[in-house]
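Me: Could you walk me through this protein model step by step? I am new to reading structures.

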Amino acid sequence: MERDDGEQLLDYPLSARGALDPPEEWERLRQRCPVAGVRLPSGDEASLVTRHEDVKQVLSDPRFTRDLGAPGAARISANESGGVFNTSMASALPQSGEAHQRWRRMVSKWFTAKRMATMRPGIESMAERLLDEMVEKGSPADLKAALGFPLPVWVICDMLGVPEADRDRFAHWSDTLLNLTRYGQEEIDAAQREFAAYMADHVEAKRAEPGDDLLSALTTETDSAGERLSDETLVATGQGLLVAGHETTANMIGKMVAVLLSDRRRWQQLLEDGSLVRTAVEEALRYDANPGFGMPRYIGEQAHLADATLPEGTTVVCSMAAANRDESVFDNAEDMTLGRSPNPHLAFGVGAHSCLGQALARTELQTVLEVLLRRLPSLELAVPVDELRRVDGLVVGGLREVPVRW
C-alpha cells in the first residue's frame, strides 16, 4: 500500500519466516530507510525507526512523548480506544515531567539491586518447586506453561500483595489490554472495568490493613513533594505492574530457553561455564527477534531524525529489537555471542521511561537459567525449531508454547 506521496507503506508489525527469526526487512530499513512509513493494525500511519542511534535518540528526547491520546496521534490497536497505550490505566499515571519522576522514584525503591538480591532465594525456591512439578508429570512438557508463566506471576503477585490464585483473571485482563486485533471495544471496556474494580478493592484493603508489599507501602508513603498518590494512580500503578510484571518476563523466559536450545552448542557452552549466565541473559535480550510491537512516541512539533523531517503530529514506533541487530553498534550482530560485553542493547528502553522492572526481569531470567542448567542439563527442544509458533497479535511478543524434553 502507498501513501499519497508515493512512499510504500509496510504493514506493521512486520512478519518473519520463523518464530525465532528477525523480519527480513530490518537490515534493509536500517541501511536504506531508517525512518519508514508503516500502517498499524488500526489502519493509522506511523513512522518506524530501526537504527540504534535513532531509537536511542527518540526514547531519550522529551519532545517525543507518550501522549498517544493527542489529536492526530496514531491508534495502535484496531479498536476505538486504540490499545494499551490509550487506556484509562495509562492516562492515570503521570507521563512526563517532575510528576512522573516523583512517581517513578516512589515505585523504583521496590526494584533496587539490593531488594532483588533479597528476593533471589525465594525466586530460586519457587523455580525449583515448579520444575519438580514439571519433572514429576514427565517429558515432554511445555516449559512456558510449567515455568515461564507461573514464576513471574507468583513473583509480581507477592510483590503487590495480591492472590496468585487469581492469575487466570489476570491473564484475561492482560490479553484484552495487549491484543492488537482480537477484541471489540465493548469487551475491552468490560474487562478493564473489572480489572480496575479488582485493583481498587485491593488498594482499599491494603489501606485498611497494610502488609509488607508494594501496594501497602504506596498507600501510606509520600513522594518527594510530600504528596500521596491518588487512588486512581494507585490503581493504575497496580494494574500496570501486574501486567508488565508477568506478561513480558513470562514470554522472555520461553524465548530465552528456546533460542539457547535452538543451537545446542549454546546450552553446552553454558553447562561448561556457568559464569556466562549473566552475559547470556543480556545477549538473549539483545538477540530477541520477537519482542512485540516496540515503543510508540508522539511528537507535537516538527523534528528531524536521521535524514527525515517528521511533521508535527507524527507517531513514531521505535523497534528496539531491530536496533539491537545494528551492525554499527554490535559486532557480528546476527550471531548470538553468549559472552558479549559490552552489550548496550535497548531491550528495556532508555531514558526517563526505561523499564522500571528491568532489575527484577534480569533476576528472574538469570535465576531460571541457573536452575535449569543445574537441574536439567540434558534439556532440549521436543520439536524442530521450525515448528515453534509465535504468539501473534499482541503488543508483547512470545511463543505459544516451548515444548521440551530431558
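Me: What should I know before I start?

Reply: This is a predicted model, in which local features need pLDDT of at least 70 and side-chain atom pairs count only at pLDDT 80 or more, while totals for chains, interfaces and linings use all residues. Residues are numbered from 1 along each chain as its sequence is written, and side-chain values use heavy atoms, with hydrogens and water left out.

Me: How many helices and strands does the protein have?

Reply: The protein has 15 helices and 11 strands, where helices (H or I, at least four residues) and strands (E, at least two) are DSSP runs numbered from the N terminus.

Me: Why does its radius of gyration agree with a compact globule?

Reply: A compact globule of 406 residues would have a radius of gyration near 22 Å, and the protein has 21 Å, so the two agree; the radius is taken over C-alpha atoms, and the globule rule is 2.2 Å times the number of residues to the power 0.38.

Me: And how much of it is buried?

Reply: Of the 406 residues, 53% count as buried, which means under 20% relative accessible area, with exposed being over 50% and partly exposed in between (1.4 Å probe, protein chains only).

Me: Is α13 mostly covered or open?

Reply: Helix α13 is mostly covered, since 10 of its 11 residues are buried, among them Val277, Ala284 and Tyr287. These buried residues pack against α11, α12 (264–272) and α15 (358–375).

Me: Switching topic, where is Gln192, and is it buried or exposed?

Reply: Gln192 lies in helix α9 (residues 185–208), and Gln192 is buried, with a relative accessible area of 12%. Leaving aside neighbours within four places in sequence, Gln192 is in contact (heavy atoms within 4.5 Å) with Trp173, Thr176, Leu177 and Gln239.

Me: How many cavities are there?

Reply: There are two cavities of 30 Å³ or more, a cavity being a set of points on a 1 Å grid over the protein atoms alone where a 1.4 Å probe fits but cannot get out. Grid points are joined across faces, edges and corners, and a volume is the space filled by probe spheres set on the points.

Me: What about the largest one?

Reply: The largest cavity has a volume of about 80 Å³, and its lining residues, those with an atom within 4 Å of a point, include Leu20, Met252 and Asp288. The elements that give two or more residues to this lining are α11 (231–262) and α13 (277–287), and the largest share, four residues, comes from α11.

Technical notes:
On a 1 Å grid over the protein atoms alone, a cavity is a set of points where a 1.4 Å probe fits but cannot get out, and a pocket is an open set with protein on both sides within 12 Å along at least five of seven lines; lining residues have an atom within 4 Å of a point.
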